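Dear colleague,

Please find below the structure that I am handing over to you, together with its sequence. My notes on what was found in it follow directly after.

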Amino acid sequence: MTSSELFKGKKPVPLFLIFTALFIGNFLLVRFFNTLIWPYLWPQPGIYIVIGFIVFALWFPELFSGVWALRATGLLMIFVGECYVLHSFQVVLEDFSFVALLHLVGILGTFLVMLLSFLNQSRVKNNKVPHPLPEELPNVAAVIPTYGEPIHVLRDTLISLTKLNYPKEKLFILVSDDGHRRQVKALANEYGVAYNMGPRHNAKAGNLNSALDYLDDYFPQASLILTQDADEIIAPDFLKKVVGYFSDPEIAFVQTPKEAVAPPGDPFGVRDRVFYDTIQPGRNGAGAAFSCGSGVLWSVEAIKSIGGFATWNIVEDLTTSYLLHSAGYRSEYHNEILTVGLAPDDIPGLLKQRGTWATDTWRLFLFKNPIKAVGLTIGQRLQYLELGLFYVTSAFFMPILLLIPVISLLTGTFVPIEGSALFPWVGASFFYYLVLAKGRSEFLVRMWQYWISHAPTYHKAFWVAIRSRKSKPSYKVTRKTRQNGFYGAMLWPQFLYLFLGAMAILNSFLGLANVDVAVKVANVSVLLFFMFMVSSICKAAFYGWKPQLLKAIMTASVEVD
């Protein structure tokens, strides 16, 4: 007898019974197998077990890349996290201090967001095989919205669109120019594509809506619209691999991942591989993968049904996706890199880009919260909620955790956390995120570094967003050309943290003679970890600065001679 025959005719188990069983099982685990009752395993052989698992995970990363590995490590992380949070609460009750209270707030907030992240990532839909194409291919309009990008960059993008493997009579290419430049119009004429003067209003969303109006007049048969940023080239087979999804009339858009052209080592953390390779397929499992603005194919009918590309926020992609999902449309994520584009490679461009994304998400979270949105499924609400809470964690909870070891080592007031609670939590968290990064430690480190070090950026974005309820903040296009220089002044909170951390470590050796060595070592270790994470963006502030300085010195020497 097969499993389907065994359960044929059986009524589904009520949800409240499932949740009741999970609650009782969780209670029993925490009550009788709490990490605090593992003292006989700590420090030996427990420390060797943790180290062994970490080495094993790094040596065999392929064993930590499947959805079941994610679920298993996620459940372990949740269980150990519960133990750690409960112990932190116990410490506040039994040995109260302001530092202990701060620690509880920081770890509780971070843990709850990690719990939501695990729930959202536990049902993955990872499309890598294209859907079959319909017998009659739809008409597609490919639009390049542009405003001030260098002509050579725009040319490369335009050439890639002209090489799309799609019937020419069914493909209409349009350059929509908010810059109203003669060079751009001449470029469009050179390659035989259409040119539209954008409205110079409502940024990229306004430009795209102007393009929609243009298409109504000159290519009204278009049922799909491809939006391609002016600094991203596209693979010739893009349309052949994405168009098939629209055989389902409920599909509003299909997003693909992009690869960013980054300097060696990705010092600015712009490749975002964990987001594109893992997080988006997880969102896709709940029908909540959102548009990233380029490398995305939209249904014209769906876009028009919500009044066009959303102009309420600074940029259009996230909010338009949100409105389409709220209207009952579905999206798909085709997980195959089909576009390659430029990304910020200096600190001003990086902070501007990430700050804009954060402000957009803050505004959505504060003023159009997914909990209250009409039309979203439960899974979609949780996915969009997590997106907002990511910034809450980075802007508020993470700075609290960063300050705990600094305060402790400077004041001598420590949080009396047991090693049997702390070290399993560190190990379980590491394993979960390593699996989330598909075993690629370099992507994991970059994700952590910029999650932590962008805390001031996201905190500033919060205050920008909270003051913009009635009118959205102004927008400037991210520069596509690098400006060499040292930008330490823009990162003064991060540099200040490194200075205070160094002072705290020095004080631990010189001024805390009566503190147990193990306590100092544990706090210094945590502080060094956080300092390493923050140091990444500080190091990026020097990128390209030394060559520029040497060139200036050499030039001055030649002039003197």
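Helices H6 and H7 are roughly parallel to each other, a term that applies to angles under 35 degrees, whereas angles over 145 count as roughly antiparallel, 65 to 115 as roughly perpendicular and the rest as oblique. Helices (H or I, at least four residues) and strands (E, at least two) are DSSP runs, numbered from the N terminus. This is a predicted model, in which local features need pLDDT of at least 70 and side-chain atom pairs count only at pLDDT 80 or more, while totals for chains, interfaces and linings use all residues. Residues are numbered from 1 along each chain as its sequence is written, and side-chain values use heavy atoms, with hydrogens and water left out.

Helix packing

Two packed helices are described by the angle between their axes and the distance between the axes. For H6 (residues 151-162) and H7 (residues 182-190), the angle is about 25° and the axes are 11 Å apart. Here axes are lines fitted to C-alpha atoms, for helices over the stretch in contact, and angles run from 0 to 180 degrees between N-to-C directions. The crossing of H6 past H7 is right-handed; a crossing is right-handed if the near helix is turned clockwise from the far one by less than a right angle, and left-handed if anticlockwise. On the H6 side, Ile151, Leu154, Arg155 and Leu158 make the contact, and on the H7 side Gln183, Val184, Leu187 and Glu190, where contact means heavy atoms within 4.5 Å. The contact of H6 with H7 comprises five nonpolar residues, one polar residue and two charged residues. In this division, Ala, Val, Leu, Ile, Met, Phe, Trp, Tyr, Cys and Pro count as nonpolar, Asp, Glu, Lys and Arg as charged, and the others, Gly among them, as polar.

A further pair is H12 (residues 317-326) and H14 (residues 378-411), which pack at an angle of about 160° with their axes 12 Å apart. That angle makes H12 roughly antiparallel to H14. The crossing of H12 past H14 is left-handed. Leu318, Ser321, Tyr322 and His325 of H12 meet Gln380, Tyr384 and Leu387 of H14.

Salt bridges

The whole structure holds 15 salt bridges, each defined as a side-chain nitrogen of Lys or Arg within 4 Å of a carboxyl oxygen of Asp or Glu. Lysine 125 forms one of them with glutamate 332, with the closest N and O atoms 2.7 Å apart. This pair links distant parts of the chain, 207 residues apart: lysine 125 is in the loop between helix H5 (98-121) and strand E1 (140-146), and glutamate 332 is in strand E9 (residues 330-333). Lysine 125 is partly exposed, at a relative accessible area of 32%, whereas glutamate 332 is buried at 4%. Buried means under 20% relative accessible area, exposed over 50%, and partly exposed in between (1.4 Å probe, protein chains only). Glutamate 332 also meets the side chain of arginine 330 in a salt bridge (3.3 Å, N to O), and arginine 330 is partly exposed at 30%.

Within helix H10 (residues 273-285), aspartate 277 and arginine 273 are four residues apart and so are separated by about one helical turn. Their salt bridge has its closest N and O atoms 2.8 Å apart. Aspartate 277 is buried at 11% relative accessibility, and arginine 273 is buried at 4%. Through shared partners, salt bridges join Glu259, Arg271, Arg273, Asp277 and Arg440 into one network.

Individual residues

Most residues other than glycine have a negative phi. Aspartate 272, in the loop between strand E7 (258-261) and H10, has a positive phi near 55° and is partly exposed at 21%. Lysine 438 likewise has a positive phi, of about 55°. Lysine 438 lies in the loop between helix H15 (419-436) and helix H16 (441-453) and is partly exposed at 27%.

Asparagine 207, in helix H8 (residues 203-218), is buried at 2% relative accessibility. Leaving aside its neighbours within four places in sequence, the contacts of asparagine 207 are Pro145, Thr146, Ser176, Asp177, Asp178, Gly198, Pro199 and His201.

With kind regards
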